Amino acid sequence: LHAVGTEATPSEGGEGPAKVEAAALMGAEAGLVADRVHRLVTQEGWRARDVAILLRKTTSARDYLAALERRGIDAYLIGGRGYFRQDEVSDLTALLRLLVEPHSDLALATVLRSPMVALSDDGLLRLGRQRRKGRLASLWDALADLPGNTLEEADALRAQRLVEAVTALRLRALHPGLSILIEDAMQALDLDLLLLGAPGGRRRLANARKLMRLADNFEEVEGPELAAFLDYIERRGELDDREGEANVLAEDEDVVRVMSVHQAKGLE
């Protein structure tokens, strides 16, 4: 394994300027390490799997993963946490929340700005104005009133597709089979393809499919009620951030390993 650097250890829990400076330092160091890894892989003949980044704690791992992704280097976090905070998990749970509470402005805004819809900033602003102008109860009411809104054509088509998908999926949500419902929701808006096409696509798709496994486990014990499952996921995310991401790493995977020094003990 090739040594590429050491992790900075700015004070944790600082406030104000000190905390901002510490975050900037960590981001800068992650960029330097990622630059070094990029040179190793693209210029010096190393494979990504020959490189490991060892951190004192994995709390800073996201900076390194993001820096590597920006440089086109595939990486995997060993024993990572924060599963429920991943964008793909948040976007998918927001879509599922719409099936239960279509008038949840937070869930709808999350889905509209996600890759599933990719509504423009201008489109979201126009929907907000439409809601206020019409004194509507929610953004969903403004979205459902497509003939009366002022969205540009591209945004209107995206919005119409979401309305149709949610309307159809809400009928499906009345039946057992939470994991199948999640898969149907992903396919209705091409989330599976969008995740695979994004940086770290296999990991992102595996995280989405992990939600299906969690749904199966929940349904076996608690039943098929979608609202109850979403409340369960929300509680887990708030109370325990130690849930790891889905494991997509094979032994011969050509990716940079990111892990803590402790996790590296005993490994060749």
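The report below covers basis, helix packing, cores, salt bridges and backbone angles.

## Basis

This is a predicted model: local features need pLDDT of at least 70, side-chain atom pairs count only at pLDDT 80 or more, and totals for chains, interfaces and linings use all residues. Residues are numbered from 1 along each chain as its sequence is written, and side-chain values use heavy atoms, with hydrogens and water left out.

## Helix 3 against helix 8

Helix 3 spans residues 87-100 and helix 8 spans residues 178-188. Helices here are DSSP runs (H or I, at least four residues), numbered from the N terminus. The two pack at an angle of about 105°, with axes 11 Å apart. Axes are lines fitted to C-alpha atoms over the stretch in contact, and angles run from 0 to 180 degrees between N-to-C directions. Helix 3 and helix 8 are therefore roughly perpendicular (65 to 115 degrees; under 35 counts as roughly parallel, over 145 as roughly antiparallel, the rest as oblique).

Helix 3 contributes L92, L95, L96 and L99 to the contact. Helix 8 contributes L181, I182, A185 and M186. Contact means heavy atoms within 4.5 Å. By class, the contact has eight nonpolar residues, no polar and no charged ones. Nonpolar covers Ala, Val, Leu, Ile, Met, Phe, Trp, Tyr, Cys and Pro; charged covers Asp, Glu, Lys and Arg; the others, Gly among them, are polar.

## Nonpolar cores

The largest nonpolar core has 48 residues. Such a core is a set of buried Ala, Val, Leu, Ile, Met, Phe, Trp, Tyr and Cys residues joined through side-chain atoms within 4.5 Å. Buried means under 20% relative accessible area, exposed over 50%, partly exposed in between (1.4 Å probe, protein chains only). L143, L162, I182, L211, L226 and F229 touch the most other members. Elements giving two or more residues include helix 3, helix 7 (153-172), helix 8, helix 10 (201-222) and helix 11 (226-239).

What does F229 contact, leaving aside its neighbours within four places in sequence? The partners are L178, I182, L211, L214, A215 and F218. Another core lies apart from the largest one.

## Salt bridges

The structure holds 16 salt bridges. The criterion is a side-chain nitrogen of Lys or Arg within 4 Å of a carboxyl oxygen of Asp or Glu. E69 and R204 form one, at 3.5 Å, N to O. E69 lies in helix 2 (residues 61-70) and R204 in helix 10, so the pair ties together parts 135 residues apart in sequence. E69 is partly exposed at 23% relative accessibility. R204 is buried at 17%.

R172 and D184 also meet, at 3.5 Å, N to O. R172 is in helix 7 and D184 in helix 8, so this pair ties together parts twelve residues apart in sequence. D184 is partly exposed at 28%. D50 pairs with R47, at 3.5 Å, N to O. R47 is partly exposed at 45%. R97, E101, D231 and E234 are linked in a salt-bridge network.

## Positive phi

A118 has phi near 55°, a positive value in a residue other than glycine. A118 sits in the loop between helix 4 and helix 5 (121-134). Its relative accessible area is 39%, partly exposed.

D190 has phi near 60°, a positive value in a residue other than glycine. D190 lies in the loop between helix 8 and helix 9. At 29% relative accessibility, D190 is partly exposed.
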